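I opened this notebook to record what I looked up in one chain and its ligand. The entries are in the order in which I made them.

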Amino acid sequence: MAEPAIVAEGVSKVYPGSRSGAPALDGLSLEVPRGGIYGLIGRNGAGKTTFVRIAATQLAMTSGTLRVLGQDVRTEERAIRARIACVPQESRPLYFLRTEEVVYLYLKMRGMTSADARRRTHDALEELSLLEVRKRLVSRLSGGLRRRTLCAMVLASDADVMFLDEPTTGLDPLARREVWEAVRRASREHRTILLTTHYLDEAEALSGRLALIERGQRRLEGTPAELRARVRYPYRVTLWGDVPRDQLASYGAVSEIEGGFLVFAREPEARELARWALERGLRLSMGPVSLEDIFLEVVGRSIDADAPLAEEGAEA
Ligand SMILES: Nc1ncnc2c1ncn2[C@@H]1O[C@H](COP(=O)(O)OP(=O)(O)OP(=O)(O)O)[C@@H](O)[C@H]1O
Ligand SMILES: [Mg+2]
């Protein structure tokens, strides 16, 4: 078995001058397998970018250990840098370059031959529908086109590990899907991609494994199916029509939605509820919970309790 792409053990980060003194990362341990797409999710301020920056050797951690491709980020950052590429959150390509120059020069700087760099620049621009604007100055591109240019730059590279911190924020739905395809293509070439996103449909569509981070700690980790199996209520049943709410309470957690109810339930109760509703001629839909439901449940409970959650999986 190849060593994992990233192994983090007890990683903590306290930013100097942090007023609250609260750590941005608080003993975070993670193992990102070699090859494939690993999703990192969590609400604003959870610590995702901090983790990405430490793993990408841009930021020093306060304590813990972190190895990327078997090498220590504290002592072997030069070796690591040669093998990784990063789309940082909120970054923009250099304004005074043309779109194709951004990609081409990046590949050349990484040591690619001119012929390879030219070919890969063309392919990446084509993949992300940027060929039309390849001669345009970055300063004259829209925000979404600039973001896509950065994605093209990193995804065209030969890096073994790619860090994509919210790569699709601000992209239109079509462009997002183009980035998804490019990310999938890169992952099929035996690269490892660490992706952060607030679009949970994106995290679910792309990630082989996921970690949910909350207040610098890991709350859930696993494949999307494993995450589903760990939550209290793995099924969601939506009912439309006039139903007395108190008749639903015994099936699971009920909330009101426009024109009906949403019930989160365990499998037997979900089936029973569906039967009950069908007998009454109610319209319903039933399915497994989405990643968004899981996120809201886990993070919502953590905010309610205002205290660390029980051990992950304790509810299962
Ligand atoms: N340079 C910094 N100096 C001080 N505190 C910081 C700095 N960068 C981030 N923080 C704090 O560290 C915590 C984690 O921030 P981080 O940017 O890692 O979160 P995130 O999960 O990426 O959030 P988002 O989804 O909003 O991008 C936050 O409380 C934030 O305020
Ligand atoms: Mg961030």
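The entries below go from the whole chain to its domains, strands and ligand.

**Entry 1, the chain as a whole.** I note at the outset that this is a predicted model. I looked up the secondary structure and found 10 helices and 14 strands in the chain. Along its principal axes, the C-alpha trace spans about 70 × 45 × 45 Å. I then checked burial: of the 316 residues in the chain, 40% are buried. For contacts between residues at least 6 apart in sequence, I recorded that 68% join residues at least 24 apart.

**Entry 2, domains.** I consulted the domain assignment, which gives domain 1 as 6-227 and domain 2 as 232-288. The C-alpha centres of domain 1 and domain 2 are 39 Å apart.

I followed strand E1 (residues 6-13) to its pairing with strand E4 (residues 63-68), where five bridges join the two in an antiparallel arrangement. Within E4, Val68 is the residue opposite Ile6. E4 also runs antiparallel to strand E5 (residues 71-72), with two bridges between them. I noted Asp72 in E5 as the bridge partner of Arg67. Two residues lie between the strands in the hairpin of E4 and E5, and Leu69 takes a positive phi near 50° there.

**Entry 4, the four-stranded sheet.** I traced an open sheet of four strands with antiparallel pairing, in the order E12-E13-E11-E14. Which strands stand at the edges? They are E12 (252-257) and E14 (283-288); each has a single partner strand, so one side of each is left without a neighbour in the sheet. Neighbouring strands of this sheet are turned against each other by 15° on average, direction ignored.

I next examined E12 and strand E13 (residues 260-265), which run antiparallel and are joined by six bridges. Ala253 has Phe264 in E13 as its bridge partner. Helix H9 (residues 267-279) packs on the sheet and touches strand E11 (235-240), E12, E13 and E14. The direction of H9 makes about 15° with that of E11.

Which residues surround ligand 1? I listed Tyr15, Ser18, Ala24, Gly42, Asn44, Gly45, Ala46, Gly47, Lys48, Thr49, Thr50 and Gln89.

Methods
Residues numbered from 1 in each chain as written. Chains lettered and ligands numbered in written order. Predicted model: local features only at pLDDT ≥ 70, side-chain atom pairs only at ≥ 80, totals over all residues. Domains from an automatic or database assignment. Pairing = 2+ DSSP bridges. Axes fitted to C-alpha atoms, helices over the stretch in contact; angles between N-to-C directions. Contact = placed C-beta atoms within 7 Å. Near = placed C-beta within 6 Å. Buried ≥ 20, exposed ≤ 12 C-beta atoms within 10 Å, placed from the backbone.
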